[in-house]
Amino acid sequence: MRQHSAEAAQDFSSVDRTVLVAALVAELAKVLPAAGLLHVKEDLKPYECDGLSAYRELPLAVLLPETEAQVVAVMKICRAAGVPIVPRGAGTGLSAGALPHCDGVVLSLAKMKRILHIDPVARVAVVQPGVRNLSVSEAAAPFGLYYAPDPSSQIACTIGGNVAENSGGVHCLKYGLTVHNVLRVRAVTMAGDIVEFGNHALDAPGYDLLALAIGSEGLLAITTEVTVKLVPRPELAQVIMASFDDVTKAGEAVAAVIGAGIIPAGLEMMDKPAIAAVEPFVKAGYDLNAAAILLCESDGTAEEVAEEIARMKAVLEASGATGLRVSQSEAERLRFWAGRKAAFPAAGRVSADYYCMDGTIPRRRLGEMLTAITAMEKKYGLRCMNVFHAGDGNLHPLILYDANVPGELQRTEAFGAEILKLSVDLGGTITGEHGVGFEKINSMCDQFGADELRAFHAVKRAFDPEGLLNPEKAIPTLHRCAEFGRMHVHGGQIKFPDLERF
Amino acid sequence: MSDRTQDDFRDRILARKPLRLRGGGSKDFYGGIIVGDVLDTRAYRGIVSYEPTELVVTARCGTPLAELEAALAQRGQFLACEPPRFAPGTTVGGAVASGLSGSRRATAGSVRDFVLGVKVMDGEGRVLNFGGQVMKNVAGFDVSRLMVGSLGTLGLILEVSLKVLPLPQGDASLCFDMPQDKALAALNHWGGQPLPLVASCWTQDVLTLRLSGACAAVASACAKLGGERLDATVAGDFWTALRDQSLEFFAGETPLWRFSVPSVVPPLALPDLPQLIEWGGAQRWVRGELPAAAFALAAKVDGHATLFRGGDKANGVFAPLQAPLLEVHRRLKQSFDPYGVFNPGRLYPAF
């Protein structure tokens, strides 16, 4: 009998939900074009996950506004109805930041994809959030300019998504991250207000809300327009490919290059398993006998590059490189890079599934990290290949697994979490450029204490008091950390006397 | 010693009376009129860690900027954002809290761009850590950068980690006789070319450029651009004086206004007032009594104005904020400093 009433309650709630969803869809239909409102299950399916397909959920509906006015209208309707909004760009994110909320809607900015204005004299581009990263550089190319941040997914990922994640790329040691290359973000708040963070000058009055908005993972406001900086395309770029017979030596060579006062345009490292996976696939000419290779790039004027390449070669040789090749043409340079950029698809070729981590560590701790990862491979019975933005300490271990083998995904997640924990312990961070999203939310408890988490929640409330924008992402609740059983403690001291509350 | 200093700071903060956070006092003139007892940060000083090959230095707030810069120079590195030192005692904490950047800002980046992490004490005396010591870090909101330029109104910056860069190998300065409109056009044209142009200064119809980077690149740019090459010592002194505002232009009691505008904005309609232009056209200094309409004038060209030094602060010092943004500011202030302890009124009258 008791069971019966429970079922009845559930039925009632499901009827209730259908009615509520129908009402919400009817409201949204008044402000969105028919093609911009998806609510039939088959149509929702492509939106159930982003680039991290291990986590899936169906939203109530997917909204694809075409104008800022439609975004404002959508925000007001959802706020009035108390419906969570999950923003989405191209869906290439690797941290499940665009994972739908089962009681919410997905707000895709994919249809707002116009480059509004390119000013070659002021060296800025004003673009809508759905514009692809690479297309900004393509549009700026006739003027000898480009947009510097180049995440590996740049042919697909959007500027709106780059702003949300503060995306980097292989050139960010020299040219900076998204936060260094965006002047202004125009956005709509959950209240439906249009606001501008930053402006077309180099700074803005008041607090630096632009810095807060960039990398906020869609928790603070919906980006509707972005002004990016364009920089002169260097006359020339050349890359050195250096082989090492020992991973630690390669790591020391990285420190030696920086220590010699050189800031390479790109400085990347791949270990033996990564080289072995990539080479048959791309035929980049990588040294299959090397324990690790470094790609070290110089760009600038022809004279500048010649001078810098000579300095780099000297340092790499002195650091014990067993082989050095300098690209002799643009085609060869791109081929050297093609292998690095294809590391993720190559992992997909050698393994049914792979899981990409994103910790950053101080460069000098690289040897310790790689040794620990080797031990973890044994512990979890899984293989791992490493690609590494060596110049800025950002590691991308790719854990290879098979989702169809029971238990492998769970072992993979535990493996990944252990790498992230170690990143924090070595003085680094759990995410260098992919974001926390839903994926690393528990690892946030390793990196931050209760006071910092409270401060993050306060920042969130300052923009979105009701907590409707991308809820349950990026910043864990204290309750969640308590359940997860981990909370970062500074200096080994328990300084959260109120923790017993949870 | 330092722990005790931190405890002293906490005791002062927990008294919940307005405090005026102060390092060397070199920027006392900057910002709104402030009240409260001075909390002197200079006892909390010293470089905590410095790893040249990691390109990161961490220092306590009360560390003299000169001491930090000397330590970097010893290892052939520098703070490329070159925060101004208006007086000898300028501290690291003050440089970060004010967020003011030197002459390389348009190309090398601002103080905010170089901040990797901070340790702050909030209005309830809690020590919070944001960011870290690595270049790439997207865990949590970027509260470190929020602190930059907040003029100490959100918390007491205890410690800061900054990205450092190797000192450029080559350096040269060139002078050109040019009226303002021609100089602005030239700066914007050159800015779009792959030249090692790192700083610029126009005043009294003379444009001075600084080129810095690989020796070969500097040499070829000098040949390409022409102009008159300055003696290295004269040039070094000039850029230092510009950075620290000890050039003749900045002397005297006449109010100093700062216009932060897009670099392509034509000469401001203030022809009779002395002007000095930096940052490739994006930072323009004006000497004179300007009405409150100066704020609107700057906003019209998509920039903003600041009454930087002197003058009548009754009409405000910083440009007014858009209403929804002002509300966000209020909420942030309320959460970091619920009892209004930190520098009340220094940024905006309301906080």
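Strand 10 (residues 170-177) and strand 12 (residues 206-213) of chain B run antiparallel and are joined by 8 bridges. Strands count as paired if DSSP finds at least two bridges between them. Helices (H or I, at least four residues) and strands (E, at least two) are DSSP runs, numbered from the N terminus. The model is predicted: local features need pLDDT of at least 70, side-chain atom pairs count only at pLDDT 80 or more, and totals for chains, interfaces and linings use all residues. Residues are numbered from 1 along each chain as its sequence is written, chains are lettered from A and ligands numbered from 1 in the order in which they are written, and side-chain values use heavy atoms, with hydrogens and water left out.

**Sheet in chain B**

- B:F176 has B:L207 as its bridge partner in strand 12 of chain B.
- A salt bridge links B:R210 and B:D171, with the closest N and O atoms 3.1 Å apart. The term covers a side-chain nitrogen of Lys or Arg within 4 Å of a carboxyl oxygen of Asp or Glu.
- B:R210 sits in strand 12 of chain B and B:D171 in strand 10 of chain B, so this pair ties together parts 39 residues apart in sequence.
- B:R210 is buried at 10% relative accessibility, while B:D171 is partly exposed at 38%. Buried means under 20% relative accessible area, exposed over 50%, and partly exposed in between (1.4 Å probe, protein chains only).

**Strand 10 of chain A**

- Strand 10 (residues 222-229) of chain A is mostly covered, with 7 of its 8 residues buried.
- Strand 6 (residues 124-127) of chain A runs antiparallel to strand 10 of chain A, and 4 bridges join them. Here A:V126 stands opposite A:T227.
- Strand 8 (residues 182-188) of chain A also pairs with strand 10 of chain A, in the antiparallel sense over 6 bridges. Here A:V185 has A:V226 as its bridge partner.

**Interface between chains A and B**

- Contact, meaning heavy atoms within 4.5 Å, involves 86 residues of chain A and 70 residues of chain B.
- The buried area is about 6,300 Å², and carbon and sulfur atoms give 61% of it. Buried area is the accessible area (1.4 Å probe) that two parts lose on being put together, summed over both.
- In chain A, A:L202, A:P205 and A:Y207 lose the most area to chain B, together 13% of what that side buries.
- There are 6 salt bridges between chain A and chain B. One of the side-chain pairs in such a bridge is A:D392 and B:K136, at 3.9 Å, N to O.
- Several elements of chain A each supply at least two residues of the side that touches chain B, including strand 9 (194-198), helix 9 (247-259), helix 11 (302-318) and helix 17 (450-463).
- Helix 17 of chain A gives the largest share of that side, 11 residues.
- The residues of that side of chain A divide into 41 nonpolar, 22 polar and 23 charged. Ala, Val, Leu, Ile, Met, Phe, Trp, Tyr, Cys and Pro count as nonpolar, Asp, Glu, Lys and Arg as charged, and the others, Gly among them, as polar.

**B:F141**

- B:F141 lies in the loop between strand 7 (127-131) and helix 6 (143-147) of chain B.
- B:F141 is buried, with a relative accessible area of 4%.
- Not counting residues up to four places away in sequence, B:F141 touches A:L212, A:S216, A:L219, A:L220, A:F456, A:V459, A:K460 and A:I475.

**Other salt bridges**

- The whole structure holds 48 salt bridges over all chains.
- A:K45 pairs with A:E48 in a salt bridge, the closest N and O atoms being 3.2 Å apart. A:K45 is partly exposed at 45% relative accessible area, and A:E48 is buried at 10%.
- B:E124 and B:R126 form a salt bridge, with the closest N and O atoms 3.4 Å apart. B:E124 is partly exposed at 33%, and B:R126 is partly exposed at 25%.
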